[in-house]
Structure formats: C-alpha cells, structure tokens
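Q: Please take a close look at a single part of this model, starting from one residue. Then connect that part to the rest of the chain.

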Amino acid sequence: EPVAKYGTLDVTFDYDSQEQKLLVTVTAVTDIPTYSRTGGSSWQVHLVLLPIKKQRAKTSIQRGPCPVFTETFKFNHVESEMIGNYAVRFRLYSVRRMKKERIVGEKIFYLTKLNLQGKMSVPVMLEPSYSLSGCDSQMSMSEVSCSESTSSCQSVVHGSAPEILIGLLYNATTGRLSAEVIKGSHFKNLAANRPPNTYVKLTLLNSMGQEMSKCKTSIRRGQPNPVYKETFVFQVALFQLSDVTLILSVYNKRSMKRKEMIGWISLGLNSSGEDELNHWTEMKESKGQQVCRWHTLLES
C-alpha cells in the first residue's frame, strides 16, 4: 500500500535577523492526492505564523494537478533570540465553486531549522490534518505554559526513569479540555545507543473505553529531553469530565514503518496512578488555570 500523499510544497525561507523579518515564498505544490479523493482541481495554500496566529497569508487560487504559485509573503517581528518559539503552519486547501474549501494536508514548520541569515529552499511534506478529528493543535509560547522556575515544574524523580511534563486546563464554560505536552526527560532509544526520535500520541476515551478523539505531536529528532510545547484541545462537556480517560503514549519512531513505545500514562477516569489522578483532580478544581505536573512513564 503506497503512503498516502497529502502534497509537498516547494518553499523558500529568507530570514533577515537585522530586520527581524521572514520572507516565505511558496513556489509550487506536487504530490497532490488524486482528484477523486479531494474532489477539487483548484488549490490554495494558507500560512499562519505560530504561536500568535496574528500574521496570516494565503496564495491565489491555482488550478491543475501541479499548481505553481511563486508568491512571497512577509512576516514581521520574528526575533532571532526567540526563533525557537516560532513556526509557520502551512495548509493546502482544495477549492470548489459554491462549496466549502476542504483541507487536504498541513504541516507545522519550526523555524529552529532555519539558517539565521540567507535563503533556504526546502520541500515541506504535508501530513493529514489532525484538526479534523475534533481536536485543535496549537503551539503555545512558554509564557502560556507554566514558567520553568515554579516548583510544580521541577522534575520529581532525579533518577533516569523517563518522565513527561504535562499541563492540563479545563474551561467549564466552553467545555474545552486543553492538554499541553510541554517536555520529556530521559527518553531512551531501547534498541540503539543514540538518542530517540520521539512523539507523543494523545487518545481520549469515553467511560466505555471507546475512542472519542486522538492526535499527536510532531516528531522531535535525536533528543533524550525533547521540548514539545504543543497544546491539544478536546471538547468535553462538564458532565462528561469525570467519565473520560486521557491516555498519553510516548513513541520512538525508528523508521517509516517501525515505532516502539517508550512508555505511557493515563489521566481521568482510569488514571494509571495516584499522581495522575491527583493531577486530574487539581485541574478540575483550578477554575480554568493551567496545572503542570511531571509524570513518570509506565513501561508498555
């Protein structure tokens, strides 16, 4: 079964650290999924600078199986000291007359990969959009997550057990449960002696153990102590809050086909331990404030 393609963008980044501005040129899109699956032959690319989401742009609409855009967009106030906090999210839409545009694929490109001076052309391979499955992915600045200095954010176990720092927040008015995957510690590559390529998968289950929603972070490559700072939002009504379980599983991606679980925890109804249950309870009592806690991963 060939890998499903969601489109590949030809993109050039040109970053000027003096001017604190980033020029992004979208040249063309290739590898667009077949016409029948997307139901459109006109295409448009939307860009947004994360995490603030104030600076947005979109290309013109182009037709055909390999649309060419060659359009340049400018993002301002991108400070070089803070470059690690920024990313550009690309989304490819299929556009049809009189119908709602449909998202084909998306990719969050972290600006840590940029040359701080000069141009850099990269193929941006799009992935299926997770925001379609009922949870929104959004990056958050470190200010939004708990500050690193607070006692609640210190790692509990100073041994070498793999741990994960999670921020939970529940807004009873909107019925939105936000889970921020902040960072990991002591993640190991079980098979090899090099640091792992990890991602975190979040799965929300109802009281019957059926999957309500799932999403995952992007991959952090070659880092035993990866920083994710990605927030996922789930719709959970107040009356359901005591009946759901949120499972976080950390995986090491060894190759395109192979992955291994480093460990997991669960929070909520079927919490995997005392600490996890306490964290969930604190979140419910914290009146919309984010509560951050370290958790030791259980082996699969």
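A: Arginine 91 counts as buried because its relative accessibility is 13%. Buried here means under 20% relative accessible area, exposed over 50%, and partly exposed in between, with a 1.4 Å probe and protein chains only. The model is predicted, so local features need pLDDT of at least 70 and side-chain atom pairs count only at pLDDT 80 or more, while totals for chains, interfaces and linings use all residues. Residues are numbered from 1 along each chain as its sequence is written, and side-chain values use heavy atoms, with hydrogens and water left out.

The partner of arginine 91 is glutamate 106: the two form a salt bridge, with 2.5 Å between the closest N and O atoms. The term salt bridge covers a side-chain nitrogen of Lys or Arg within 4 Å of a carboxyl oxygen of Asp or Glu. Strands (E, at least two residues) and helices (H or I, at least four) are DSSP runs, numbered from the N terminus. Glutamate 106 is also buried, because its relative accessibility is 8%. Side chains of opposite charge can pair when their charged atoms come close.

The whole structure holds 5 salt bridges. Another of them links arginine 254 and glutamate 260, where the closest N and O atoms are 3.5 Å apart. Glutamate 260 has a relative accessible area of 15% and is therefore buried, whereas arginine 254, at 38%, is partly exposed. Glutamate 282 and arginine 293 also meet through their side chains in a salt bridge, at 2.5 Å from N to O. Glutamate 282 sits in helix H2 and arginine 293 in strand S18 (residues 291–296), so this pair ties together parts that are 11 residues apart in sequence. Glutamate 282 is partly exposed, with a relative accessible area of 29%, and arginine 293 counts as partly exposed at 25% relative accessibility.

Axes are lines fitted to C-alpha atoms, for helices over the stretch in contact, and angles run from 0 to 180 degrees between N-to-C directions. The sheet is open, has 4 strands in the order S14-S13-S16-S17, and pairs them in the antiparallel sense. S14 (211–216) and S17 stand at the edges with a single partner strand each, so one side of each has no neighbour in the sheet. On average, neighbouring strands of this sheet are turned by 20° against each other, direction ignored. Two strands pair if DSSP finds at least two bridges between them; S16 (residues 245–253) and S17 have 9 bridges, in the antiparallel sense. These two strands form a hairpin with 5 residues between them. Leucine 248 has isoleucine 265, in S17, as its bridge partner. Strand S17 (residues 259–268) is mostly covered, with 7 of its 10 residues buried.

A further arginine lies in the loop between S14 and strand S15 (227–235): arginine 220. Arginine 220 is buried, because its relative accessible area is 8%. The side chain of arginine 220 makes a polar contact of 3.5 Å with the side chain of tyrosine 110. A polar contact is a pair of N or O atoms within 3.5 Å; within protein, one must be able to donate a hydrogen and the other to accept it, and residues adjacent in sequence count only if both atoms are side-chain atoms. A polar atom of the arginine 220 side chain also lies 3.1 Å from the backbone oxygen of tyrosine 228. Leaving aside residues up to four places away in sequence, arginine 220 touches several residues, including Pro196, Asn197, Thr198 and Glu230; contact means heavy atoms within 4.5 Å.

The chain as a whole has 300 residues, of which 46% count as buried, and its secondary structure comes to 2 helices and 18 strands. Among contacts between residues at least 6 apart in sequence, 64% join residues at least 24 apart.
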